[in-house]
Amino acid sequence: MPTLIYEKTREPVRVGDVVHLRGRPYVVTGWAEPHKPASTGRVHVRSMCERGNFAEYFPNVIGADWIGRTDRGE
């Protein structure tokens, strides 16, 4: 099973982590693992602003990447 980690710290991404996108804080609410070798999966976040909008991004947008992917032999 692959693990989503932050590239700089090598720490695992966890639900509840606060990440900043375009200078605004977001809370990680979950993720979707890659479903095929060419896929990067997605990270699900919620804005910490008043509206609290949900969005999903490629992992590299929050500085994250997968380790332990068996579909790529990693």
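R69 lies in the segment after strand 6, strands being DSSP runs of E with at least two residues, numbered from the N terminus. The structure is a predicted model, in which local features need pLDDT of at least 70 and side-chain atom pairs count only at pLDDT 80 or more, while totals for chains, interfaces and linings use all residues. Residues are numbered from 1 along each chain as its sequence is written, and side-chain values use heavy atoms, with hydrogens and water left out.

With a relative accessible area of 3%, R69 is buried; the term stands for under 20% relative accessible area, with exposed meaning over 50% and partly exposed in between, for a 1.4 Å probe and protein chains only.

K36 itself belongs to the loop between strand 3 and strand 4 (42-47). Its relative accessibility is 45%, so K36 counts as partly exposed. Not counting residues up to four places away in sequence, K36 touches R69 and D71, where contact means heavy atoms within 4.5 Å. K36 and D71 are 35 residues apart in sequence, and their C-alpha atoms are 7.1 Å apart in space.

The loop between strand 3 and strand 4 also holds T40, which counts as partly exposed because its relative accessibility is 34%. Setting aside residues up to four places away in sequence, T40 touches P34, F58, P59, W66 and R69. For T40 and P59, 19 residues apart along the chain, the C-alpha separation is 7.1 Å.

One of the residues touched by T40 is W66, and here a polar atom of the W66 side chain lies 2.8 Å from the backbone oxygen of T40. W66 is found in strand 6 (residues 64-67). Is W66 buried or exposed? It counts as buried, because its relative accessibility is 4%. W66 and T3 are 63 residues apart in sequence, yet their C-alpha atoms are 5.4 Å apart in space.

A further buried residue is S47, with a relative accessible area of 9%. S47 lies in strand 4, and its side chain reaches the backbone nitrogen of C49 at 3.1 Å. Leaving aside neighbours within four places in sequence, S47 is in contact with P25, Y26, G52 and N53.

Most residues other than glycine have a negative phi. R10, although not a glycine, has a positive phi of about 65 degrees, and R22 likewise has a positive phi, near 55 degrees. R10 is found in the loop between strand 1 (3-6) and strand 2 (18-21), whereas R22 lies in the loop between strand 2 and strand 3 (24-32). R10 counts as exposed at 53% relative accessibility, and R22 counts as exposed at 64%.

Turning to the chain as a whole, zero helices and six strands are present, helices being DSSP runs of H or I with at least four residues. Read along the sequence, the pattern is β-β-β-β-β-β. The radius of gyration is 12 Å, close to the 11 Å that the globule rule gives for 74 residues, so the chain is as compact as a globular protein of that length. This radius is taken over C-alpha atoms, and the globule rule is 2.2 Å times the number of residues to the power 0.38. Along the principal axes, the C-alpha atoms fill a box of roughly 40 × 25 × 20 Å.

Buried residues make up 32% of the 74 residues in the chain. Of the contacts with a separation of 6 or more, 39% are accounted for by residues 24 or more positions apart. The chain exposes about 5,000 Å², with carbon and sulfur atoms supplying 51% of it; accessible areas come from the Shrake-Rupley method with a 1.4 Å probe, and for residues only the protein chains shown count as cover.

Definitions and conventions: A polar contact is a pair of N or O atoms within 3.5 Å; within protein, one must be able to donate a hydrogen and the other to accept it, and residues adjacent in sequence count only if both atoms are side-chain atoms.
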